[in-house]
Amino acid sequence: MAKNKKMNRTARTYLTSFLLVAIFYGAVELIKFSGHLTSKATGLLIPVCAYIMMAISLNLVVGFLGELSLGHAAFMSAGAFVGVFFYNTAGASLPGWLSVVLAFVIGGIAAGIFGVIVGVPVLRLSGDYLAIVTLAFGEILKNVLNSLYIGVDSAGVHFSLKDQFSLNMEPTGKVLMKGAMGITGIKKFSYFSVGILLIVLTLIFVLNLMNSRAGRAITAIRDDEIAAKSVGINLTSYKLMAFVSSAVIAGLSGVLYALNFASLVAKKFDYNLSINILVMVVLGGMGSIPGAIVAAVILTVLPEMLRGFSQYRMFIYSIVLIVMMLFNRAPAFVAWRQRLGLKIHTKKNGNSGSTAEDGKKEE
Amino acid sequence: MKKFICVAMTGALAASFVVSASAADAIKIGGIGPTTGPAAIYGTAAMYGEQIAVDEVNAAGGAVQFDWKFEDDTHDAETSVNAYNSLKDWGMQILAGTVTTNPCLAVGAEAVNDNMFVMTPSASSQDVIDTGDNIFQICFTDPNQGTASADYISQKGLGTKIGVIYNSSDAYSSGINTNFQAEAANVGLEVVANEAFTDDNSTDLTTQVQACKDAGADLIFLPIYYTPASQILKAANDMGYAPKFFGCDGLDGILAVDGFDTSLAEGVMLLTPFVATAQDDATKAFVEKYKEVSGGDVPNQFAADAYDVVKVIAQAGEQAGITADMSASDICEALKATITDPSFSYDGLTGSGMTWDASGAVSKDPKGMIIENGEYQPIDEAGAEASTEAATEAE
Amino acid sequence: MQFLSYLVRGISLGSVYALIALGYTMVYGIAKMLNFAHGDIIMVGGYVVFFAFCQGGMNPWLAVILAIAACTLLGITIEKVAYKPLRGAPSLAVLITAIGVSYFLQNGAMLLWSSEPKSFTSVVSLPALNLFGGKLQISAETLVTIAASVVIMVALIWFVNKTRPGHAMQAVSEDRGAAQLMGINVNGIISLTFAIGSGLAAIAGALLLSSYPTLVPTTGAMPGIKAFVAAVFGGIGSIPGAFLGGILLGIIENLSKAYISTQLSDAIVFLVLIVVLLVKPSGLLGKKQTVKV
């Protein structure tokens, strides 16, 4: 299987990815139609969609571009806050559908702008800098949002980075953003179909990007930066293209996520969330889109499945995580599975997934 | 192999998400709070508190019997909504939660849709009860606590130059601080230092204490939980700085911190509805039972608040005549009507003569306490009354 | 004088970061992995000292030695069970497993010792140093932590440069394959690195908690991340760099708390980090890497 020609592999990625989404959508709709979908499952649908998008988005950076991002949740956060801020303020006077569409557009653009701000200085350099800088960026954004207060009264808009009291608002004024309390009173907009639609659009975009001229240039950069440079590929601009696209997708996912809950806080999008998304990408097989989708679903749902264990829940989750990584990635296990003669994706994914850098380090 | 696992997992997922009906003879009451993660102390305490109350209610054999389940939310809104939905699948009819504020806002919005009766032990933001008329609090709201504290300090002349150290990344703490600042300006208290910390940079709190010292504060207001407070007390002691300390209900529990030198807390004042060392029978019995279920811990105010929540619901439920075969929405309407009725009042661990109005806020007396010889003592009766007036005004 | 005392507080915090960063940088330099569980090993060390010394009344030296032994054992076990099987797999896979181990330790500690905070008694029982007639106070914990990190830094530099296992470590760090061909027991060296790193974590835990006494299962998480940042700041893989990075990070954090904003001190720390990396990508004392074609 692994020896298939590139065209076939591309076609298969397309097919598997869309098939997975179609099965996911179909199964959920079917159970919902038959009236057997539990509240828990219903509540999980939108977060799962958002995390699938995040996993695809991060996969673009980690698997495809070969750079490590440890602060991807920050782009989700940027999209969520900007999009929802608009939705809650200016959007409130617009017709419902228009305000939602605009929230997505604005959230996506905002995340994209942050992508440019982070990407332009960093992507010129090669090495692990992106990992550290994105980690730092995530912490900065979280800290700033956590102490940002915005209020509006008849005198206009007030800002403060200290506390609500320093806004000096009139008593009738409305506080729109309350630091650690974040944005509250969000009118919920959660439709599973919208989530699926966004995933499909993301997939179309990402798969086309990967198979375009630009995509091949990006792959070339990942596999050998110096060789790519020597044939005249503009490293920074292609890297930036992939990175900013990824940020925009993360921003859209953030808006989708935030509209599903009545309150939004910056603390949610911390380093742990970034890491969780990275876990999805690595577990699914770096560079493998279908893998990322499946891993996103499993890792979102797993802690919920473990509710029966009450306090032992997260403890068991950690063990499952370690075991899954060992089983999926440990060379001894991989060899053992191959000896069993099973058809395994891992081999192929493992190869295309280990970035140029990993290759260098590990060989 | 891998595919097989995928299929197996998907199967397990599907199975766990298919509705199953269950018969009921007891009313299903759910609880939500963080029992894992950094906020686990609060949720775990609330869980044990509810457990004790449910056992008592069931053992008493009244008309209302409870079937109880507590779910973890790791202090995260998304997980909290998952916990809520999970409890709904289980058949929950009343929610005794959510313990922390931000998750409570998200869950509250869901509960409003379902018209589920919610009483939170400790989510103290005003926004929580503003979410809907089915959401009630047993704790003071943050505005209430902040205002009452400022009034209390000014009326009793406890300090002239006030320093504040608060957790800006925590909704509870920053909520109280906001209102404290506003009221301090009203009553003419001079706030000389307003120092924040966040969950992330709370390793070292000496700089904030130093800033208060340098500003010449003679009273430090601590609208924070007892864990960082114990660190602040030690830091102040280490630098030979001895201002008065004044806190809110979050400070209760400080004497029970394992290994904490309680002499550092000498003279600390706090406005709290519950103290674990109180000598009344109800508190003593509760502390005893709590030690039993938790394996030796001393209950904090979260445990007491959660205990009271279940007891209030039981009392109101019996009065309203709710039964297990009623829908969650019918129960909610019945409880709402009973609990907001002026004739309804509840005496519990965290106050006596508690009443509720339609806003969902509780009306009860905060007690001004001072730590002396490692024990809580009431500051004095007059002080408590004064602050009650302030508390009522604040509503 | 005020400035000086803020500076001293910064150095105090920084010396703790430095101590943790030394462990981070060792493991990264030799095993080429970010051991995200490092902070949690500190927490375990803290609990061992707490139960042995603060509650058990054991001699503080013995308690710290006990913690070192426990953490070394823990570090070696973690390495054998969770990291070693992944040797040869992409480095990211090990990173994820390290995160799993970090969750494991935090949640395990919560189940074992409950999430109720413990208040730590300082293992240092010396009086504070008073300068300028008591206007400037330097706590004994600070002095001991600084002394400990300097001693450990010097010892590590000596060990790596002057001893046989140290040379082997350098070889493994330079080129693992070549080192193996030269007859170096690569797995043994990596285990040794983890043992040293974890032992250092125990010392860091005892000193971190002596200065900042709140002990909960998540105690190690944030100092761990900050120490990682400190290691990057100073140039990851460089032993003096980790020390310098730690001290500077503590100073920046505390001075920005004192003079700019207590809420945004972390944001400022990370901003400085980004600026430093853009100007000097290999960190303050990091070796410049040349890429061979």
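Into which domains is chain A divided? In this predicted model, chain A comprises domain 1, residues 64–268, and domain 2, residues 270–363. The centres of domain 1 of chain A and domain 2 of chain A, taken over C-alpha atoms, are separated by 26 Å. Their contact draws on 16 residues from domain 1 of chain A and 10 residues from domain 2 of chain A. On the side of domain 1 of chain A that touches domain 2 of chain A, two or more residues are given by each of α3 (72–88), α5 (129–146) and α7 (213–223) of chain A. Of these elements, α5(A) gives the most, with 4 residues. By class, that side of domain 1 of chain A holds 5 nonpolar, 4 polar and 7 charged residues.

The secondary structure of chain A amounts to 15 helices and 3 strands. Its C-alpha trace spans about 70 × 55 × 40 Å along the principal axes. The radius of gyration of chain A is 21 Å, which agrees with the value near 21 Å that a compact globule of 363 residues would have.

Chain B is also described in terms of domains. Domain 1 of chain B is made up of residues 25–140 and 282–363, and domain 2 of chain B of residues 143–272 and 366–394. A distance of 27 Å lies between the C-alpha centres of domain 1 of chain B and domain 2 of chain B. The contact between them takes 11 residues from domain 1 of chain B and 14 residues from domain 2 of chain B. The side of domain 1 of chain B that touches domain 2 of chain B consists of 3 nonpolar and 8 polar residues, with no charged ones.

Within chain B, helix α11 (residues 301–320) packs against helix α12 (residues 328–339) at an angle of about 100 degrees, and the axes of the two helices are 9 Å apart. Because angles of 65 to 115 degrees count as roughly perpendicular, this arrangement makes α11(B) roughly perpendicular to α12(B). From α11(B), the contact involves I313(B), A316(B), G317(B), Q319(B) and A320(B). From α12(B), the contributing residues are A334(B), L335(B), A337(B), T338(B) and I339(B). The contact of α11(B) with α12(B) has 7 nonpolar and 3 polar residues, and no charged residues.

Most residues other than glycine have a negative phi, and most peptide bonds are trans. In chain B, a cis peptide bond joins G97(B) and T98(B), with omega at about -5 degrees. T98(B) is located in the loop between β3 (94–95) and α4 of chain B. N115(B), although not a glycine, has a positive phi of about 50 degrees. This residue, N115(B), occupies the loop between α4 and β4 (117–120) of chain B.

Towards chain A, 39 residues of chain B are in contact with 43 residues of chain A. The elements of chain B that give two or more residues to the side touching chain A are α1 (2–16), β2 (66–72), α3 (77–90), α4 (101–114) and α7 (171–187). The largest share of this side, 8 residues, comes from α3(B). In terms of class, the side of chain B that touches chain A has 15 nonpolar, 15 polar and 9 charged residues.

Towards chain C, 31 residues of chain B are in contact with 34 residues of chain C. At least two residues of the side of chain B that touches chain C are supplied by each of α2 (40–60), β7 (190–197), α8 (206–214) and α9 (226–238) of chain B. Here the largest share, 6 residues, comes from α8(B). The side of chain B that touches chain C contains 9 nonpolar, 14 polar and 8 charged residues.

As regards confidence, the predictor assigns the complex an ipTM of 0.87 and a pTM of 0.88. Chain C has a mean pLDDT of 88, with 98% of its residues at 70 or more. Among the elements of chain C, the lowest mean pLDDT, 78, belongs to strand β2 (residues 129–131) of chain C, and the highest, 94, to helix α3 (residues 60–83) of chain C.

Definitions and conventions. Residues are numbered from 1 along each chain as its sequence is written. Chains are lettered from A and ligands numbered from 1 in the order in which they are written. This is a predicted model: local features need pLDDT of at least 70, side-chain atom pairs count only at pLDDT 80 or more; totals for chains, interfaces and linings use all residues. Two residues are in contact if their C-beta atoms, placed from the backbone, lie within 7 Å. Ala, Val, Leu, Ile, Met, Phe, Trp, Tyr, Cys and Pro count as nonpolar, Asp, Glu, Lys and Arg as charged, and the others, Gly among them, as polar. pLDDT is the predictor's confidence in each residue, from 0 to 100. Domain bounds come from an automatic or database domain assignment. Axes are lines fitted to C-alpha atoms, for helices over the stretch in contact, and angles run from 0 to 180 degrees between N-to-C directions. Angles under 35 degrees count as roughly parallel, over 145 as roughly antiparallel, 65 to 115 as roughly perpendicular and the rest as oblique. The radius of gyration is taken over C-alpha atoms; the globule rule is 2.2 Å times the number of residues to the power 0.38.
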